[in-house]
Amino acid sequence: MSYQALTRGGQPWQPLFIQSIDEGSCIGCGRCFKVCGFDVLTLMGVTEDGDIVDLDSDEEIEKKVMTIANAENCVGCKACSRVCGKSAQTHAAADILVSV
C-alpha cells in the first residue's frame, strides 16, 4: 500500500522536514525563525571556542546561529528554506508514513 499527500488542488505533495542547519552558512538573521509558526527553531549564540550557548548566557558571544529546537513540530512546509538567503537548511522526507 502506498500513501501520497495532496495539495488542496489535488496535486501530489511531499512534505520535507528540517534535518539540519549548517552553522557555517547561517548568519543568524532570524528570517527562518520569524516565518516558522510551529516553534521548530531557536536562535543561539556561538562562543569564540565554537560552543553553542543560550543568548542570555554569561559567555561572550561571537555570532548568532539558528538551531533546531523542536524538530518534532516541523510540518515539512520548507518556509524556512524559502526565506534563507544562505541555503543553510537541509530537509528530507519522513522515514515513516502512516494511513489515517
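**Overall shape**

A: A compact globule of 100 residues would have a radius of gyration near 13 Å, but this protein has 16 Å. The radius is taken over C-alpha atoms, and the globule rule is 2.2 Å times the number of residues to the power 0.38. This is a predicted model: local features need pLDDT of at least 70, side-chain atom pairs count only at pLDDT 80 or more, and totals for chains, interfaces and linings use all residues. Residues are numbered from 1 along each chain as its sequence is written, and side-chain values use heavy atoms, with hydrogens and water left out.

Q: What box do the C-alpha atoms fill?
A: Roughly 55 × 25 × 20 Å, taken along the principal axes.

Q: How many helices and strands are there?
A: There are 2 helices and 7 strands. Starting at the N terminus, the order is β-β-β-α-β-β-β-α-β. Helices (H or I, at least four residues) and strands (E, at least two) are DSSP runs, numbered from the N terminus.

Q: What share of the residues counts as buried?
A: Of the 100 residues, 25% do. Buried means under 20% relative accessible area, exposed means over 50%, and partly exposed is in between (1.4 Å probe, protein chains only).

Q: How many bridges join E4 to E6?
A: There are 7, and E6 covers residues 61–68. Met44 stands opposite Val65 in E6. Thr47 has Ile61 as its bridge partner there.

Q: How many join E4 to E5?
A: There are 2, and these strands run antiparallel. E5 is residues 52–53. Val53 in E5 is the bridge partner of Gly45. The hairpin of E4 and E5 has 4 residues between the strands, and Gly50 takes a positive phi near 90 degrees in it.

Q: Is E4 mostly covered or mostly open?
A: Mostly covered: 5 of its 7 residues are buried.

Q: Why does Thr47 count as buried?
A: Because its relative accessible area is 6%. Thr47 sits in E4, which spans residues 41–47. Leaving aside neighbours within four places in sequence, Thr47 is in contact with Val53, Glu59, Glu60 and Glu62. Contact means heavy atoms within 4.5 Å.

Q: What about Lys63: where does it lie?
A: Lys63 lies in strand E6. Lys63 is partly exposed, at a relative accessible area of 34%. Apart from neighbours within four places in sequence, Lys63 is in contact with Glu23, Cys26, Met44, Gly45 and Val46.

Q: How far apart are Lys63 and Phe38?
A: They are 25 residues apart in sequence and 24 Å apart in space, C-alpha to C-alpha.

Q: Switching to loops. What is the phi of Lys78?
A: Lys78 has a positive phi of about 65 degrees, although it is not a glycine. Its place is in the loop between E6 and helix H2 (79–83). Lys78 is partly exposed, with a relative accessible area of 30%.

Q: And the phi of Ser87?
A: Near 50 degrees, a positive value in a residue other than glycine. Ser87 is in the loop between H2 and strand E7 (89–92). Ser87 is exposed, with a relative accessible area of 60%.

Q: How many bridges pair E3 with E7?
A: There are 4, in the antiparallel sense, and E3 is residues 17–21. Ser20 stands opposite Thr90 in E7.

Note on methods
Pairing = 2+ DSSP bridges.
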